[in-house]
Structure formats: structure tokens, C-alpha cells
Amino acid sequence: MSVIKCRAAVAWGHKQPLVVEEIEVFPPRDHEIRIKVVATGMCHSDLYFLVDCEGWSGFPAVLGHEGAGIVESVGPHVTKFRPGDKVIPVPITQCGECRFCLNPESNLCVSHITSRLKCKGQTLVQFAGISTFSEYTVVSEVALAKINDSAPLETVCLLGCGIPTGYGAAINIAKVKPGSTCAVFGLGAVGLAAVMGCKAAGATRIIVIDTNKDKFEKAKVFGATDFVNPKDHARPIQEVLVEMTNGGVDFSLECVGNVDVMRSAFESCVKGWGVSVVVGYTESGEVSTLPMQLLAGRTWKGCFFGGYKSVESVPKLVDEYMAKKLKVDEFVSHRLPLDRINEAVDLLVQGKSIRTVLEISQVQ
């Protein structure tokens with residue numbers, strides 16, 4: 001196997017535009033797979049580390065972690081994959097052997113990730129060990145899910161992060177019950193997926209909260225029943241929700257990545273049995289609440305990737321989509337080629353997109 005030269009969107013520094021460069025993608029080593037990326041979503045986590053996370057030192061990097069592609073070559077000792085397989089790389093590994101993988105209550109993993117990408121003589125950080133903003137990338141076999149060969153890669157790429165994160169948070173972590181009342185804070189792709197999860201679990205009232213009222217119509221598609229814009233209220237939004245629901249919601253999901261919103265979501269829950277799940281990612285600030293909010297019987301939880309054990313679960317989600325049991329197409333708001341990736345960034349910053357799918361390579 002030889003080095004592949006291809007195009008990738010390189011992040012050279014904080015708040016700098018991405019630059020489409022020629023990079024080198026080295027052959028896979030033991031238990032690694034090199035894949036041709038066909039499509040990838042622009043996820044808010046990519047934007048967060050590019051723009052908002054002041055302390056992140058992972059530059060230069062190739063971002064992107066919500067993609068799908070085709071196996072180009074495999075490294076030594078790889079037995080589960082072969083060239084031509086359709087695959088989705090996953091941002092949380094599943095080695096199946098560590099303490100976390102062996103515990104049925106966890107989907108975390110301690111596998112180590114490295115980089116096989118270089119540009120202008122510099123090693124590029126592989127974001128989340130994946131880097132799907134590139135025509136080719138190399139990933140560990142414990143970070144790769146083999147999927148249905150008839151699945152459309154330009155759509156199921158979204159099952160690599162955002163949809164499982166929100167959907168699973170409702171289904172697996174909150175464990176939303178039939179007949180319950182839910183509140184979902186934030187209507188990006190993760191929040192809309194959480195709405196879909198609440199609906200699938202049988203919630204009868206799903207209240208969505210967002211400062212962008214233009215997203216409310218889209219939320220109806222996934223099952224939202226009530227719509228609240230914090231800008232329309234002078235008092236804390238948790239007080240509004242408690243009044244709307246005769247004491248608080250049964251379940252709330254924070255899908256923004258803001259510590260103040262996390263507190264609002266938690267305090268919007270009913271005392272005695274209310275459950276609030278932190279889904280949004282941030283490294284800015286600390287969460288806090290009054291002890292009585294917890295002592296009164298509320299539960300505060302968090303999760304990564306919707307609680308799904310990644311490698312084994314993503315193929316099942318793809319099959320659910322193929323069986324028309326899971327919405328995915330409805331999340332795609334824009335499609336752009338790789339060389340227009342900064343437009344995808346702008347759409348997300350301006351709140352004008354749900355998911356922009358970047359078409360990286362053609363399926364041959």
C-alpha cells in the first residue's frame with residue numbers, strides 16, 4: 001500500500017477559515033482501515049472546536065466526525081472489514097475489552113487513537129480519531145461500523161453522530177415513558193433527534209424551547225407539540241415550563257451546550273421523579289443548582305452518543321432507517337461540495353441549517 005494524496009479541509013488555527021489543501025494519507029497500520037469518505041455532516045461539535053473552544057490546542061487538524069464511506073484498504077490483522085465495504089466511522093470507540101465496554105451501563109471506551117494524515121510536512125490531528133472532512137482517512141477498526149451495503153451513504157452519514165446522540169438520549173438515557181411530558185432545549189439536529197426519540201418512546205406532550213422561532217415548524221415534523229421562545233418571556237424559562245405543566249415536565253433534554261440552559265432544563269423537571277439529561281457539549285463554565293432541586297427527587301444525567309455502544313449499534317440504526325422506522329432524510333437542509341465547506345460553517349453559525357451534508361467523493 002502506498003501514500004494517497006487527496007484533498008481535505010484543514011483547520012490551521014482557532015477561528016480561521018478552513019482551507020482545502022492537498023494532504024497525504026498514509027497506509028493503515030495494525031488494526032486500522034483506510035476509507036474513502038463519500039459524505040459527511042457538518043456537526044456543531046466541529047464548529048465548537050473551530051470557533052468557540054478557546055483552550056483547544058489541536059491545530060492543525062482535519063475536523064469532521066459524522067461521515068460515511070467505503071473501505072479502500074485494511075492494515076495487518078484486520079479481519080472484520082475488506083475493501084468495498086460500506087462503513088460509518090464513529091466518534092466513540094468500542095474495543096469490546098476494556099472496563100467500560102464490558103459494562104452494559106456504559107458506551108465509553110479507552111482505546112487510543114493516532115493520526116495517519118500529514119500536510120506540508122506537519123502531522124494533522126485527526127478530530128475524534130476520524131477526520132471526515134477529507135477524501136480519504138484512516139481509522140481504527142474499533143471506531144468503524146460496517147453497514148448495510150444498500151444504504152445511501154450521502155444520507156446515513158448523519159447516523160455517525162448527531163441523530164444517535166439526541167435520539168438515544170431520549171430512548172436510552174432519559175428512558176422516556178409512554179404518556180409523559182418532555183421538554184427539549186435547542187433545535188439543532190441533536191435536539192430534533194431528541195424530539196424524535198421522545199415521540200418514539202410514546203411521550204404525548206413534547207415542548208420545544210429555542211430562541212430561533214423559525215425552527216418550530218421543522219420540529220413539528222419530528223413530533224413537537226408545544227413551542228416556547230425564551231425571548232417572549234421576561235422570567236426564567238424554567239418557571240414558564242413549570243407553570244405550563246402543573247409542576248414541571250417528566251423529562252427534559254438539554255441539547256444546546258450551555259451551562260445556564262442545563263440548569264434551566266434541570267429545574268424545569270417535576271419534583272419527585274423528573275429526569276434531566278445533559279446532551280449538549282461545552283467546556284465553558286460549570287453547572288450548578290440549589291441542593292433542594294436534587295433533594296426533592298430530581299435526577300440529573302449526562303451521556304455521549306446517546307448511550308449507544310457505537311460499533312454494534314450504528315448498523316442497527318441504519319437498518320431502522322432502511323426499514324422506514326427512523327427519520328434521517330428530514331435532517332438534511334443543505335448539500336454542498338467540499339470546496340464550499342466554509343459556507344456550511346456560516347450556515348451553522350447563522351442558525352440557517354439543520355444539517356449540511358458535504359459531498360466529499362463520488363461512489364464508483
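Q: Is Glu-243 buried or exposed?
A: This is a predicted model: local features need pLDDT of at least 70, side-chain atom pairs count only at pLDDT 80 or more, and totals for chains, interfaces and linings use all residues. Buried means under 20% relative accessible area, exposed over 50% and partly exposed in between, using a 1.4 Å probe and protein chains only. With a relative accessible area of 57%, Glu-243 is exposed.

Q: Which residue meets Glu-243 in a salt bridge?
A: A salt bridge here is a side-chain nitrogen of Lys or Arg within 4 Å of a carboxyl oxygen of Asp or Glu. Side chains of opposite charge can pair when their charged atoms come close. For Glu-243, the N to O distance is 3.1 Å, and the partner is Arg-235.

Q: How many salt bridges does the structure hold?
A: The pair of Arg-235 and Glu-243 is one of them. Another joins Asp-226 to Arg-205, with 3.3 Å between the closest N and O atoms. In total, the salt bridges number twelve.

Q: How many residues apart are Asp-226 and Arg-205?
A: Strands (E, at least two residues) and helices (H or I, at least four) are DSSP runs, numbered from the N terminus. Asp-226 is buried because its relative accessible area is 19%, and Arg-205 is partly exposed at 25%. Asp-226 lies in strand S14 (residues 226-228) and Arg-205 in strand S13, and this link between distant parts of the chain joins residues that are apart by 21.

Q: About how many helical turns separate Lys-220 and Glu-217?
A: The side chains of Lys-220 and Glu-217 form a salt bridge of 3.5 Å, N to O. Lys-220 is partly exposed at 45% relative accessible area, and Glu-217 is exposed at 54%. An α-helix has 3.6 residues a turn, so residues three or four places apart point the same way. Lys-220 and Glu-217 are three residues apart in helix H6, so their separation in helical turns is about one.

Q: How far apart are the end C-alpha atoms of helix H5?
A: The expected span of a helix is 1.5 Å times one less than its number of residues. Helix H5 (residues 189-200) has twelve residues and should therefore span 16 Å. The model agrees, with a distance between the end C-alpha atoms of 16 Å.

Q: How many of the twelve residues of H5 are buried?
A: The buried residues of H5 include Ala-189, Leu-192, Val-195 and Met-196. They pack against several elements, among them H4, strand S12 (181-185) and strand S19 (355-359). H5 is mostly covered, its buried residues numbering ten.

Q: Which residue is in a polar contact with the side chain of Thr-40?
A: Thr-40, found in strand S3 (residues 32-41), is buried because its relative accessibility is 0%. A polar contact is a pair of N or O atoms within 3.5 Å; within protein, one must be able to donate a hydrogen and the other to accept it, and residues adjacent in sequence count only if both atoms are side-chain atoms. At 2.7 Å, the side chain of Thr-40 makes this contact with the side chain of Thr-132.

Q: Which strands stand at the edges of the open sheet of six strands?
A: The strand order is S8-S7-S2-S1-S4-S9, with mixed pairing; two strands pair if DSSP finds at least two bridges between them. Each edge strand has a single partner strand, so one side of each is left without a neighbour in the sheet. These edge strands are S8 (122-123) and S9 (125-126).

Q: Which residue in S4 stands opposite Ala-11?
A: Strand S1 (residues 4-11) pairs with strand S4 (residues 61-62) in the antiparallel sense, over two bridges. Opposite Ala-11 stands Ala-61.

Key: Residues are numbered from 1 along each chain as its sequence is written. Side-chain values use heavy atoms; hydrogens and water are left out. Contact means heavy atoms within 4.5 Å.
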